[in-house]
Amino acid sequence: MASIYVGNLPFTTTQEELEALFGNVGPVQSVKIITDHETGRPRGFGFVEMNKDDARAAVTAINGTELKGRTLRVNEAHQRPPH
């Protein structure tokens, strides 16, 4: 599995909408939209998990496309270094 970072998401985007968008490229394993811990509001980015080949294709196909008037930034997610 590969994790894909999806940035510049409209705050009204749902997990279902992201799954449908990436599902056009290949099967989606999981979708997570990141929310603020204090307010519960979306922070404008999320992660999608797909198999590696579909993930590469999705990054190429979806990066720079528009969703609800915002240009998406899509790339392979990298693990955050431990603190």
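What pattern does the chain follow when read along the sequence? The pattern is β-α-β-β-α-β-β-β. That makes two helices and six strands in the chain. Keep in mind that this is a predicted model.

## Overall form

Start with the whole chain. A compact globule of 83 residues would have a radius of gyration near 12 Å, and the chain, at 12 Å, agrees with that. Along the principal axes, the C-alpha atoms fill a box of roughly 35 × 35 × 20 Å. Of the 83 residues, 34% count as buried.

Now look at the contacts.

## Two salt bridges

A search of the whole structure finds two salt bridges. Side chains of opposite charge can pair when their charged atoms come close. The table lists the two pairs.

| Pair | N to O distance | Relative accessible area |
|---|---|---|
| Glu17 and Lys68 | 3.0 Å | Glu17 31%, Lys68 43% |
| Arg56 and Asp53 | 3.0 Å | Arg56 53%, Asp53 56% |

Take Glu17 and Lys68, whose side chains meet in a salt bridge. This pair links distant parts of the chain: Glu17 sits in helix α1 and Lys68 in the loop between β4 and β5, 51 residues apart. Glu17 is partly exposed, because its relative accessible area of 31% falls between the limits of 20% and 50%. Lys68 is partly exposed as well, at 43%.

The side chains of Arg56 and Asp53 also meet in a salt bridge. How far apart are Arg56 and Asp53 in helix α2? They are three residues apart, so about one helical turn separates them. Arg56 is exposed, because 53% is over the 50% limit. Asp53 is exposed too, with 56%.

Most residues other than glycine have a negative phi. Two residues here are worth a look.

Asn8 is not a glycine, yet its phi is positive, about 65 degrees. Where does Asn8 lie? It is in the loop between β1 (2-7) and α1 (15-23).

## Two pockets

The largest pocket holds about 180 Å³ of space. Its lining is made up of Met1, Ala2, Ser3, Ile4, Lys52, Ala55, Arg56, Val59, Glu76 and Ala77. Which element gives the largest share of this lining? Helix α2 does, with four residues. Both β1 and α2 (52-62) supply at least two residues each. By type, the lining residues divide into six nonpolar, one polar and three charged. One of the lining residues is Arg56, whose side chain also meets that of Asp53 in a salt bridge.

The second largest pocket has about 150 Å³ of space. Ile34, Phe45, Phe47, His78, Gln79 and Arg80 line this pocket. They divide into three nonpolar, two polar and one charged.

## Tracing it in the model

Two residues tie these themes together. Arg56 joins a salt bridge to Asp53 with a place in the lining of the largest pocket.

Key: Residues are numbered from 1 along each chain as its sequence is written. This is a predicted model: local features need pLDDT of at least 70, side-chain atom pairs count only at pLDDT 80 or more; totals for chains, interfaces and linings use all residues. Side-chain values use heavy atoms; hydrogens and water are left out. On a 1 Å grid over the protein atoms alone, a cavity is a set of points where a 1.4 Å probe fits but cannot get out, and a pocket is an open set with protein on both sides within 12 Å along at least five of seven lines; lining residues have an atom within 4 Å of a point. Grid points are joined across faces, edges and corners, and a volume is the space filled by probe spheres set on the points. Ala, Val, Leu, Ile, Met, Phe, Trp, Tyr, Cys and Pro count as nonpolar, Asp, Glu, Lys and Arg as charged, and the others, Gly among them, as polar. A salt bridge is a side-chain nitrogen of Lys or Arg within 4 Å of a carboxyl oxygen of Asp or Glu. Buried means under 20% relative accessible area, exposed over 50%, partly exposed in between (1.4 Å probe, protein chains only). The radius of gyration is taken over C-alpha atoms; the globule rule is 2.2 Å times the number of residues to the power 0.38.
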